[in-house]
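The structure comes before the notes.

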Amino acid sequence: MTQSSQIPVRACARTRVTGFTEPCVICVTGGAAAPASSLLALDLGSRLGWAVRLADGTITSGTATFRPGRFEGGGMGWLRFRHWLDEMAGTAGPLGRVVFEEVRRHAGTTAAHVYGGFLAHLSAWCEGAGVPYQGVPVATIKRHATGKGNASKEAVIAAMQARGFAPADDNEADALALLLWALDARGGAL
């Protein structure tokens with residue numbers, strides 16, 4: 001990646017991420033006009049990483065957990081995820097596009113089922129809301145962020161820190177890397 005393709009950033013604020021209500025905020029500065037809608041990037045999983053570029057150019061990120069509680073049915077996590085998507089669409093302004101990490105190989109059967117459930121609910125929500133969505137292979141995201149398609153989680157975190165972000169974990173770092181890929185792939189446009 002060349003130096004000219006990087007988005008200049010400066011940190012505006014940072015709070016401890018305990019969920020989606022206290023995000024990391026980075027203001028993106030640049031000469032381009034602000035987009036009319038927001039771009040949401042998701043690292044799908046029970047501990048979901050997310051990053052959003054708001055219509056004013058601000059980038060916000062964090063993590064959210066959707067595991068069902070001990071005395072809840074298995075569907076409660078999915079209901080909370082759909083509710084979270086509704087809230088995100090409401091607070092982030094109109095969503096112009098959603099991109100997600102497309103995982104093609106899973107560590108086990110349970111991981112595959114969990115990912116498939118998130119993907120099913122995300123795609124159904126996007127279809128219902130009329131929001132375009134796109135999956136991006138993991139190697140493509142890692143290659144864009146670090147220069148290596150098989151980079152470690154630590155390397156992706158370090159790459160996001162070098163870009164001015166402070167991800168709390170690898171899920172948030174993956175979502176940030178995906179968001180930056182989506183912005184670079186379209187020249188900042190949705």
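**Salt bridges and helices**

Arg-80 counts as partly exposed, at 28% relative accessibility (buried means under 20% relative accessible area, exposed over 50%, partly exposed in between, with a 1.4 Å probe and protein chains only). This is a predicted model, in which local features need pLDDT of at least 70 and side-chain atom pairs count only at pLDDT 80 or more, while totals for chains, interfaces and linings use all residues. Residues are numbered from 1 along each chain as its sequence is written, and side-chain values use heavy atoms, with hydrogens and water left out.

**Salt bridges**

- Three salt bridges are counted, each a side-chain nitrogen of Lys or Arg within 4 Å of a carboxyl oxygen of Asp or Glu.
- Arg-80 pairs with Glu-72 at 3.0 Å, N to O; Glu-72 is partly exposed, with a relative accessible area of 35%.
- Asp-170 and Lys-153 form a salt bridge at 3.3 Å, N to O. Asp-170 belongs to helix H5 and Lys-153 to helix H4, so this pair ties together parts 17 residues apart in sequence. Lys-153 is partly exposed at 48% relative accessibility.
- Asp-169 and Arg-47 form a salt bridge at 2.8 Å, N to O. Asp-169 sits in the loop between helix H4 (153–162) and H5, and Arg-47 in strand S4, so the pair links parts 122 residues apart in sequence.
- Asp-169 is buried at 13% relative accessibility, whereas Arg-47 is partly exposed with a relative accessible area of 33%.

**Helix H5**

- H5 covers residues 170–185; its 16 residues reach 22 Å from first C-alpha to last, close to the 22 Å expected (1.5 Å times one less than the number of residues). Helices (H or I, at least four residues) and strands (E, at least two) are DSSP runs, numbered from the N terminus.
- Of the 16 residues in H5, 13 are buried.
- Asp-169 also caps the N-terminal end of H5, with a side-chain oxygen 3.1 Å from the backbone nitrogen of Asn-171.

**Helix H1**

- H1 (residues 76–91) has 16 residues that should span 22 Å, and its end C-alpha atoms are 22 Å apart, in agreement.
- The buried residues of H1 are Gly-77, Phe-81, Trp-84, Leu-85 and Met-88. Viewed down the axis of H1, they fall within an arc of 105°, so they line one face of the helix; the arc is that of the directions from the helix axis to the C-beta atoms.
- Leu-79 and Gly-90 are exposed residues on the face of H1 turned away from its buried side.
- Just after H1, Gly-93 takes a positive phi of about 85°.

Key: Polar contact = N/O pair within 3.5 Å; in protein donor to acceptor, adjacent residues only side chain to side chain.
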